[in-house]
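This report describes the packing, strand pairing and selected side-chain contacts of one protein model. The sequence and the coordinates are shown below.

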Amino acid sequence: MSIRAVVWDVDDTLFDYTTADREGMRAHLVAEGLMAGYGTPEQALDRWREVTDGQWARFSAGEVTFEGQRRDRVRVFLDRPELTDAEAEEWFRRYIGHYEAAWAVFPDVVPVLDALAASHRHAVLSNSSLTVQDHKLRVLGLHHRFETILCAAELGVSKPEAAAFLAACEALALPPHEVAYVGDHPEIDGRGAADAGLLSVWIDRRSGTAAVEPPSGRHRIATLAELPAILGPDTRFGARSTFG
């Protein structure tokens, strides 16, 4: 098997979303005078993520638009269903300002992209919108690394559906068995990519070397330094993954 292209997830794979989300929400709640109502920053963030997951599920099911789920996240989080669209958007815009101030890529990202630049083609597939991820990748200085950027909001289908992964392969004009997908979620990214016929690589940054076995058909790595060895003998960076 020859892997000719790598398709990447963005959040918590290339971009440290978890840290930016935590620090951005903490700064936002302080600025809004809302911290006392949520106990600790961790409790506030847990609630924000719970609401985000719930509203994203509605978007994935086609019950609400991408913009609508964002406004509803604000209404549910604040327990203020009466907020107008404009008021919810403005609150979210202020949050985004704090969130973007904390943006950063993981330290292993640029080295591996450099190492694979000559040997593999690169693309992005994200369960977000092109507006969000295009802007993010430009700010982070990564946009030029990718031939194409595909997002669920524009595709009309989201991971883990096979159609999302196959759309990325089609954009690259490559069959799935010649494409690797790298993402941080074992089910949405890992199982979805494997079921669609891609080489599936789960980047498990949180567990490190904990004894968590990846389901059949997937590789598990703790750092992107392990990726080139999985992709094939033509890459000369990093060590072969010990996670199989």
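Helices (H or I, at least four residues) and strands (E, at least two) are DSSP runs, numbered from the N terminus.

## Basis of the model

The model is predicted: local features need pLDDT of at least 70, side-chain atom pairs count only at pLDDT 80 or more, and totals for chains, interfaces and linings use all residues. Residues are numbered from 1 along each chain as its sequence is written, and side-chain values use heavy atoms, with hydrogens and water left out.

## Nonpolar cores

A nonpolar core is a set of buried Ala, Val, Leu, Ile, Met, Phe, Trp, Tyr and Cys residues joined through side-chain atoms within 4.5 Å. Buried means under 20% relative accessible area, exposed means over 50%, and partly exposed lies in between (1.4 Å probe, protein chains only).

The largest nonpolar core comprises 46 residues, and Trp 8, Phe 146 and Leu 227 have the most contacts inside it. Helix α4 (residues 85-100) gives the most to this core, contributing five residues. A second, separate core of 16 residues includes Ala 123, Leu 150, Val 179 and Leu 198. In soluble globular proteins, nonpolar side chains tend to be buried together.

## Parallel strands and the crossover

Two strands are taken to pair if DSSP finds at least two bridges between them. Strands β1 and β2 pair in the parallel sense over four bridges, with Ala 5 opposite Arg 121 in β2. Strand β2 is also joined by four bridges to strand β3 (residues 148-151), and these two strands run parallel. Here Leu 125 has Leu 150 of β3 as its bridge partner.

Five of the six residues of β2 are buried, so this strand is largely enclosed by the rest of the structure. Together, β2, helix α6 (residues 130-139) and β3 make a right-handed β-α-β unit. A crossover is right-handed if, with the strands pointing away from the viewer, the path from the first strand over the helix to the second runs clockwise.

In helix α5 (residues 109-116), the residues Val 109, Val 112, Leu 113 and Leu 116 are buried. Seen down the axis of α5, these buried residues fall within an arc of 100°, so they line one face of the helix; the arc is that of the directions from the helix axis to the C-beta atoms. An α-helix has 3.6 residues a turn, so residues three or four places apart point the same way. The buried residues of α5 pack against β1 (5-8), β2 (121-126) and α10 (227-231), where contact means heavy atoms within 4.5 Å.

Helix α8 (residues 162-172) has Ala 164, Phe 165, Ala 167, Ala 168, Cys 169 and Leu 172 as its buried residues. These pack against β1, β2, β3, α7 (152-155), β4 (179-183) and α9 (186-195).

## Charged side chains

A polar contact is a pair of N or O atoms within 3.5 Å; within protein, one must be able to donate a hydrogen and the other to accept it, and residues adjacent in sequence count only if both atoms are side-chain atoms. Lys 159 lies in the loop between α7 and α8 and is buried, with a relative accessible area of 4%. Its side chain makes polar contacts with the side chains of Asp 9 at 3.0 Å and Asp 189 at 2.8 Å. Not counting residues up to four places away in sequence, Lys 159 touches several residues, among them Leu 125, Asn 127, Phe 165 and Tyr 181.

Arg 220, in strand β6 (residues 218-221), is buried at a relative accessible area of 1%. The side chain of Arg 220 makes a polar contact of 2.8 Å with that of Asp 204. Arg 94, in helix α4, is partly exposed at 30% relative accessibility. The side chains of Arg 94 and Glu 32 are joined by a polar contact of 2.8 Å. The C-alpha atoms of Arg 94 and Ala 31 are separated by 9.3 Å, with the two residues 63 apart along the chain.

## Backbone features

A cis peptide bond joins Lys 159 and Pro 160, with omega about 15°. Pro 160 is in the loop between α7 and α8.

Asp 79, in the loop between α3 (66-78) and α4, has a positive phi near 55° although the residue is not glycine. Asp 79 is exposed, at 65% relative accessibility. Ala 173, likewise not a glycine, has a positive phi of about 55°. Ala 173 is in the loop between α8 and β4 and is exposed at 66% relative accessibility.
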